[in-house]
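I put the structure first and my notes after it.

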Amino acid sequence: MNETRTYDVIVIGAGPVGENVAERARAAGLSTVIVERELLGGECSYWACDPSKALLRPVVAHADARRIPGLRQAVTGPLDVAAVLAHRDAMASHWMDDDQVAWLNSVDVDLIRGHGRLAGTRQVAVQTAEGHTIQLTARHAVAISTGTSAALPPMPGIEAVDPWTSREATSAAQVPRRLAVVGGGVVAVEMATAWQALGSQVTMLVLENALLERMEPFAGEMVADGLRDAGVDIRFGVSVTSLVREGGSNREVRITLSDGSELAADEILLATGRAPRTADLGLETVGLTPGDWLTVDDTFRVTAIADDWLYAVGDVNRRALMTHQGKYQARIAGAVIGARANGEPVDDTAWGAHAATADHAAVPQVVFTHPEVAAVGLTTREAEQNGRRIKVVDYDLAHVAGAHQYGEDYRGRARMLIDLDRGTVAGVTFTGPGVGELVHSATIAVAGEVPLERLWHAVPAFPTLGEVWLRLLEAHRG
């Protein structure tokens, strides 16, 4: 059975990004439909942000509590694994999307469950689970918000090993006795933190010579120290050359490494990057290459397509692979689609209402390890590569009064990059317990291009970790 429908806007992908594009387009008065083949809420709600942080919060709180006099005696035992996993399940809504569907209904956006593919200019064909085809036509725009999936390394027979990806790592119902983690990025360090604390013996296999290589070097060094303190075995400069899943009741994974050594594990997590979900999206029908990332301008129009009708929002455009940044992009894109459809002017100048300038200048990120890492803006290496004249200001967070209150033996570090030509903050990185709550103040400083002279008048409360702002400015002034 075939059916045809017409809307002003069609959104493919109902993760947080697609939901926000649809809601913003509908708020602009445009009839909107969203197409989703899995669960509304997408990767973030069920296999990434929400379940991973639900696993990590008890781990970090437990580690913090053991540093507080009068409290450490009450938390001498291990975590209650069953309770942690039950909490994780609840935070992932038990992998049901009823609440998301109710929200979508409340904002008057239609939903079609099925696999949506482009079928030509402003055309989308949806194949439903029942075998029906629904042909959709967009009067104004189609927005692709299909996100990414785990990118597995090209290794013969890898599928037969049945490795964990980020999905299995955040949804597993049992704690493996031995877990090998391949990779040194955010997923790798967060999942190593979680599963080691839940009872696994974790071995990290890192091709590079450092963790979190896209961040300031001290961040990866301090996270590595924290992981080792927790019992994680980190092996740098090695790669996996072969994998075999043995049969029988044991079914352990035999891992051969580039240095000739071997390792046995019950599960192996491959945290080796992300790939765009565009392979089966009908890109070829509009002259694009299936499987490619979609390049966009600052209004999220796909630059290879004429006539301002095709948009790519969120991870699929590769600008900033984080949920909060994707939702920011969605707010911009929805407003752009509404303005263009209604014949209103589009302000796509830097920091304008219809330009996602923050994608280039002020992307915040928190790594929920122990210690945490929080960063926004440029790193020292990026600033140097961009030819920016900067001054690097470092401060030991352990010297802030709030750190003494936070817990004994506090270890942390702060770095502020000052743009010498503009007199503003170009980037900030914090490492230490609890620093995730500092990142928004840093984001405001960077995105707002607040002059250092004005920041001097932003008085931090005492005694908080936020007092590090004063100490950084004092260090700058000398």
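In which sense do strand β5 and β6 pair, and over how many bridges? I found that β5 (residues 123-127) and β6 pair in the antiparallel sense over five bridges, where two strands pair if DSSP finds at least two bridges between them.

Before going on, I noted that this is a predicted model, in which local features need pLDDT of at least 70 and side-chain atom pairs count only at pLDDT 80 or more, while totals for chains, interfaces and linings use all residues. Residues are numbered from 1 along each chain as its sequence is written, and side-chain values use heavy atoms, with hydrogens and water left out.

Entry on β6 and its partners. I then followed β6 (residues 133-144) to strand β1 (residues 2-12), with which it pairs in the parallel sense over ten bridges; here Y7 stands opposite A138 in β6. Strand β16 (residues 310-312) also pairs with β6 in the parallel sense, over three bridges, and A143 stands opposite Y311 in β16.

Entry on the whole protein. I recorded 16 helices and 21 strands, taken as DSSP runs numbered from the N terminus (helices are H or I with at least four residues, strands are E with at least two). The radius of gyration is 24 Å, close to the 23 Å that the globule rule gives for 478 residues, so the protein is as compact as a globular protein of that length. This radius is taken over C-alpha atoms, and the rule is 2.2 Å times the number of residues to the power 0.38. Along its principal axes the C-alpha trace spans about 70 × 65 × 40 Å.

Entry on a four-stranded sheet. I traced an open sheet with parallel pairing, in the order β10-β9-β8-β14. Because β10 (233-236) and β14 (267-270) stand at the edges with a single partner strand each, one side of each is left without a neighbour in the sheet. Strand β8 (residues 178-182) and β14 pair in the parallel sense over four bridges, and V181 stands opposite L269 in β14.

What does the structure hold in the way of cavities of 30 Å³ or more? I found one, and the largest cavity has a volume of about 30 Å³. On a 1 Å grid over the protein atoms alone, a cavity is a set of points where a 1.4 Å probe fits but cannot get out, whereas a pocket is an open set with protein on both sides within 12 Å along at least five of seven lines; lining residues have an atom within 4 Å of a point. A volume is the space filled by probe spheres set on the points, which are joined across faces, edges and corners. The largest cavity is lined by D64, R67, Y406, G407, E408 and Y410.

I also looked up the second largest pocket, in which about 630 Å³ of space lies. Of its 22 lining residues, the closest to its centre are A63, G226, D229, A230 and H370. Helix α9 gives the most to this lining, with six residues.
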